[in-house]
Amino acid sequence: MSGIIVGYFGFQRSGKTLKAYLDAESYREQGLEVYSNMNVPNWNKISSLTDLPFNDEPKVLLLDEAYYFMDSRNWKNNTDSTIFFNTVGKQNILMLLTAIEPSTIELRLRNQMNFVHLVKSDQRFIYYKMIDVIRGKEKVFSLEKSQRLFDSLTYDTKQVPDIVDCSLKDFRSKVDEYYSTKNNTTNIRRPMAL
Amino acid sequence: MNIDFEQEFAKFVSGGDSSAIKDIYAIIPALNNTQIKIMNTLNYYIKKYELHDLKEVIEDYSKSIVKNKNLNLMSSMNVKNLLKAYTQEELIKGIKVNTQPNKEG
C-alpha cells in the first residue's frame, strides 16, 4: 500500500494541529510508529528528514507548522523532489503537514496532496472541511471544544514545534544508500543526471 | 501490517453528501425578481381563496425550475472568480482570487 500526503490548513489556534495529532495518534494506537517535529509522548522526535527509518512498514510523519521549513528553497531540484515523493509512496509513509495557508507550502508538494483539511473555529466548535482532491468530494464536520477533548491531548498546545532539516540532497543520499544495501547493487531506478 | 491510508481517508470523505458542484448549483438563482414577485402574488391568492389545485401547479413548477436553471449567469467574470474560490482548487494550489470591480448594473 502506498503512502499519501494530507494537508491541514488554518490560522493559528484554529485546530489544525489538533486534527493532525488525532489522526496520527489513531494510527499509533494501531501499532504504527509516528515521527514528528512535535514533542509528544511515544512519538519519535525528528530534526531531519533523514531521521526517518527506511523500511516497508507503514508509518506516520507529522510535520507541524511546515511552512517554517517546507518552502520552495528546498525544492529547486526536480530529481530530488521526485525521489522524495516516490519514497513517501513506496515507503508507505502517511505524511501529515500543517500550515496556515496552502500558498506557504511549496507548489509541487501541494500538487501531490491527496486530501486537504480547511480548518476554522469559534468559541465552541472547531470546523473542518475535508477535501478529497482526486475525487473532488468533500465532507464537513466539527468537533466541540470540550474539556474532555483537551484532556485527551498528550501534547502541549502552546509549544512551538521545532524546525526540520528538509535537505532533499541528504534525503536522496539516504535513499540511494538504502537501496544499495537492500539490493546489493546501485539503485537502478535512479533517474539519469541531467 | 497492511494499511491503505488512501482508502481509509477516502472512505471518511465519501460518507459526506456534499460536493462543490452541488453546492455551486444551489447558489445559482432559479428565478429572477419578476418571477419571484409573481410567485409570491400567486401564493397570496392561493392562501386567500384556498386554491389547492393552483398550489400543486406552483409546487410542480418550482421543482422543475430548480433543476432547469438559467446558466447565463456563469458568463459573469465575478461569478467565475467566485466559482474558482468556492471549488478550492485554486485555493489549494495557492493562487489568490483576484477581486474584480463590479462593472455590471
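Predicted model: local features only at pLDDT ≥ 70, side-chain atom pairs only at ≥ 80, totals over all residues.
Visitor: How many residues apart in the chain are A:D162 and A:K45?
Guide: A:D162 sits in the loop between α4 (147-151) and α5 of chain A, while A:K45 belongs to strand β3 (residues 44-45). The pair therefore links distant parts of the chain, and the separation is 117 residues.

Visitor: Is A:D162 buried, exposed or partly exposed?
Guide: Buried would need under 20% relative accessible area, and exposed over 50%. A:D162 has 37% relative accessibility, so the residue counts as partly exposed.

Visitor: Which residue of chain A forms a salt bridge with B:E6?
Guide: Across the interface of chain B and chain A, the rule finds one salt bridge. The closest N and O atoms are 3.0 Å apart, and the partner is A:R135.

Visitor: Which residues are linked with A:R135 in a network of salt bridges?
Guide: Within chain A, the side chain of A:R135 also meets that of A:D132, at 2.8 Å from N to O. A:D132 is buried at 1% relative accessibility, whereas A:R135 is partly exposed at 45%. B:E6, with a relative accessible area of 17%, is buried. The residues linked with A:R135 are A:D132 and B:E6.

Visitor: Which element gives the largest share of the side of chain B that touches chain A?
Guide: The contact takes 23 residues from chain B and 40 residues from chain A. On the chain B side, the elements giving two or more residues are α1 (5-14), β1 (18-19), α2 (20-27) and α6 (89-92). The largest share, eight residues, comes from α1(B).

Visitor: Which three residues supply 28% of the area that chain B buries against chain A?
Guide: The area buried between the two chains is about 2600 Å², and carbon and sulfur atoms give 64% of that area. More than any other three residues, the suppliers on the chain B side are B:F5, B:F9 and B:I92.

Visitor: Which element gives the most to the largest nonpolar core?
Guide: Of the 36 residues in this core, A:L63, A:M70, A:F84 and A:M95 touch the most other members. Elements giving two or more residues include β4 (59-63), α2 (78-90) and β5 (93-99) of chain A. The top contributor, with five residues, is α5(A).

Terms used
Residues numbered from 1 in each chain as written. Chains lettered and ligands numbered in written order. Heavy atoms only, no water. Core = buried A, V, L, I, M, F, W, Y, C linked by side-chain atoms within 4.5 Å. Buried < 20%, exposed > 50% of the residue type's maximum accessible area, 1.4 Å probe, protein only. Helix = DSSP H or I, 4+ residues; strand = E, 2+ residues; numbered from the N terminus. Contact = heavy atoms within 4.5 Å. Buried area = accessible area lost by both parts, 1.4 Å probe. Salt bridge = Lys/Arg side-chain N within 4 Å of Asp/Glu carboxyl O.
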